[in-house]
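Hello,

I am passing a structure on to you, with some notes on what turned up in it. Please have it open while you read.

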Amino acid sequence: MDAHLLHSSQLENNSKRDCSACPIRHNAICSRCQPDELNALDQMKTYRMFEKGEAITHIGENIAYVGTIVSGVAAISKSLEDGRKQILGILLPSDFVGRPGHPVSTYDVVAETPVEMCRFPIASFEKLLNQSPALGPRLLEKTFDELDTAREWMLLLGRKTAREKLATFLHMLAIRMTRLHAMPIVADIQLELPLTRKVLSDYLGLTMETVSRQLSRLSKDGIISIKGQRQITIHDMSALLAETSDERSG
């Protein structure tokens, strides 16, 4: 039995929704599907809510579903035998969860905020994947994007300073948000940190104190402003990019 079905708080919503009105429609794996392909996905999809802290999948678990994050943020992690945990990546709206052809999860995926997921039974999705001219190339494209992100994160964890790490994360988050909502990259971009400072510090390989200190310094320099624990306004994207030390900032 799918382990997820044992959690009463993970409620499945079978109500039908029009895919054309989906907030992530133009960024998700189905973004290039033709009407017949969308109809096939529509027939097999269900929506599921995961509460903050709940596992979407555990390492070693048989995966019954793959799908797309509609709203919320999840973290991909792996733990060592001594209990140490490393967050390997975060999943934002429009990101794909699961790996067709590999029915056993190799990572833990946990909801860091309430998460809604548009899910497809893995067997049905794999069958459609082999028949669809649009799904395969789009899945490959998103896989390459994920690979590029993983390589950039290797650089971040291995070589960047604390300030560069935090600036890179904020810049990445702002770019993702503007693309998702088709917003222009302008001054005073407002965003909400999707992770607690504890989780963010684990993700960046820093202490909570260092994260708070670097946020304060970026604020003091006028690049960002902070309201409460999570509300961030980016006043100067070019200055933030320069703080990442990426080659493109030159």
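Which residues form one aromatic cluster? They are Phe96, Phe120 and Phe125. Before more on these, a word on the model: it is predicted, so local features need pLDDT of at least 70 and side-chain atom pairs count only at pLDDT 80 or more, while totals for chains, interfaces and linings use all residues. Residues are numbered from 1 along each chain as its sequence is written, and side-chain values use heavy atoms, leaving out hydrogens and water.

**Aromatic rings**

The structure holds three aromatic pairs (ring centres of Phe, Tyr or the six-membered ring of Trp within 6.5 Å; planes under 30 degrees apart are stacked, over 60 edge-to-face, the rest tilted). Phe96 and Phe125 make a tilted pair, 5.6 Å centre to centre with 35° between the planes. Phe96 belongs to strand β7 (residues 96-97) and Phe125 to helix α2 (residues 122-131), 29 residues apart (helices, H or I, of at least four residues and strands, E, of at least two are DSSP runs, numbered from the N terminus). Phe125 is buried at 0% relative accessible area (buried is under 20%, exposed over 50%, partly exposed in between, with a 1.4 Å probe and protein chains only).

Phe169 and Tyr203 form an edge-to-face pair, 6.0 Å centre to centre and 80° between the planes. Phe169 lies in helix α4 and Tyr203 in helix α5 (residues 197-204), so this pair ties together parts 34 residues apart in sequence. Phe169 is buried at 0%, and Tyr203 is buried at 3%.

**Cavity**

The search found one cavity of 30 Å³ or more in the whole structure (a cavity is a set of points on a 1 Å grid over the protein atoms alone where a 1.4 Å probe fits but cannot get out; lining residues have an atom within 4 Å of a point; points are joined across faces, edges and corners, and the volume is the space filled by probe spheres set on them). The largest cavity holds about 140 Å³. Of its 13 lining residues, Cys19, Cys22, Cys30, Cys118 and Phe120 are the closest to its centre.

**Strands**

β11 (residues 224-227) and β12 (residues 231-234) are antiparallel over four bridges (strands pair if DSSP finds at least two bridges between them). The two form a hairpin with three residues between them, and Gly228 in the turn has a positive phi of about 70°. β12 also pairs with β10 (189-192) in the antiparallel sense, again over four bridges. Thr233 in β12 stands opposite Ser225 and also opposite Gln190.

Enjoy exploring!

Terms used:
On a 1 Å grid over the protein atoms alone, a cavity is a set of points where a 1.4 Å probe fits but cannot get out, and a pocket is an open set with protein on both sides within 12 Å along at least five of seven lines; lining residues have an atom within 4 Å of a point.
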